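The following paragraphs lead the reader through one structure, from its core to a sheet and then to a ligand site.

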Amino acid sequence: MNALEIISLSKSFGAQTALDNICLSVPTGSRTVIVGPSGSGKTTLLRMIAGFEFPDAGSLTLNGQTLVDSTHAVPAYQRQIGYVPQDGALFPHMTVADNIGFGLTETGSTRTERIQALMDSVALNANMAKRWPHELSGGQQQRVSLARALAQQPRLMLLDEPFSALDTGLRGAMRKMVARLLEDAGVTTILVTHDQSEALSFADQLAVMRDGRLVQSGHPMDLYRYPDDEQTARFLGEAVVMPAQIEAGWALCDLGRIPVNSNGFCGDAQIMLRPEQLRLSDADDAHTCNAVVTERDFGGNTCTLTVELHAPTQPACGRSLLVRSTGMHAPPAGSAVQLSVSGPAHVLSTS
Ligand SMILES: Nc1ncnc2c1ncn2[C@@H]1O[C@H](COP(=O)(O)OP(=O)(O)OP(=O)(O)O)[C@@H](O)[C@H]1O
Ligand SMILES: [Mg+2]
């Protein structure tokens, strides 16, 4: 069952179209992640779901209840939706404990215990309870904001870049912890992020926005492997894109003749491979292609090589592409190598 239905939502600010006919279903208990470049409309969409913006057209329903349509709107405070805004938006005149306890009905020691448990759940030390928001780091403020939203036991949780102020290690740990917390509480969640690895790891459903439009949605693995277009492909990770001639499940390209997922398409197209589908191989492997390493980018456990292809059809085609290799054994720049392709390439849409 779908908790939230976003139906043909549009919104403009003057001449600026912020949302253009957005449609998306968010299943009950799921984690939906919205990604997209800056200015693509992510925050506007969350604010509309929370009830702080109103659409020019379209409607929203939550568990069958209409939140907003062309005739009426449920006020934000009656929606039972938790919202952690991009900047945390703590009340500056309240301590951490009072921010988290804002809206709790409990009093006395029950209230104190509840606040303590909420602080624990977002890894905030108990000695921070009496601090003021300006005495906290950006990441601590985000966690107070999250605890305040969790305190309301919302039907739906909206998180706008909630981990952006955290360092890489804490960010990964917080992401896992919050995912577990929300899952245990059975709270349907929509998270907005710029970070593609965060999006891919947190989401059950991933939605990509661009220029106010929702350009593709689905399971993160499907979007990573089968993006509709080159921009989406590159937004979700590194991509090797090249022209090819497609025929009967094969692509003829600078890598030779390689298998392709073409859904029956024949003719000229752009194909995409992820760098991890290309590997250095022995000359006697099937489907190899000659190349020369032009750059080696050492990243510890992996190494990204830029190689220049010497295609079978054109002895020095000069096409450069990325290949991953294990860090310790990666060949230096200038080495002649052989490449092989694992798994099929993907045909990008031509529009
Ligand atoms: N109140 C407003 N008045 C005028 N324009 C606005 C307003 N709010 C948003 N916009 C514009 O609408 C577009 C979408 O903005 P939004 O904040 O939703 O983007 P975003 O995807 O959240 O970006 P970011 O990743 O930078 O947070 C932008 O072009 C922005 O300038
Ligand atoms: Mg935003």
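**Core, sheet and ligand shell**

The largest nonpolar core comprises 90 residues, and those with the most contacts inside it are Ile100, Ala147, Leu158, Ile271 and Val307. Such a core is a set of buried Ala, Val, Leu, Ile, Met, Phe, Trp, Tyr and Cys residues joined through C-beta atoms within 7 Å; buried denotes 20 or more other C-beta atoms within 10 Å of a residue's own, with C-beta atoms placed from the backbone. Helix H4 (residues 138-151) gives the most to this core, namely 6 residues. At least three residues come from each of domain 1 (2-232) and domain 2 (238-347), with bounds from an automatic or database domain assignment.

This is a predicted model, in which local features need pLDDT of at least 70, side-chain atom pairs count only at pLDDT 80 or more, and totals for chains, interfaces and linings use all residues. Residues are numbered from 1 along each chain as its sequence is written, while chains are lettered from A and ligands numbered from 1 in the order in which they are written.

An open sheet is formed by 4 strands in the order E2-E1-E4-E5, with antiparallel pairing; two strands pair if DSSP finds at least two bridges between them. Helices (H or I, at least four residues) and strands (E, at least two) are DSSP runs, numbered from the N terminus. E2 and strand E5 (65-68) are the edge strands, each pairing on one side only. Strand E4 (residues 57-62) is joined to E5 by 3 bridges, and Leu62 has Gln65 in E5 as its bridge partner.

Around ligand 1 lie 13 residues, the closest being Phe13, Ser38, Lys42, Thr43 and Thr44; a residue counts as near if its C-beta atom, placed from the backbone, lies within 6 Å. Strand E2 (16-27) and helix H1 (42-50) are the elements that give two or more residues to this shell, and H1 supplies the largest share, 3 residues.

Technical notes. A residue is buried if 20 or more other C-beta atoms lie within 10 Å of its own, exposed if 12 or fewer, and partly exposed in between; C-beta atoms are placed from the backbone.
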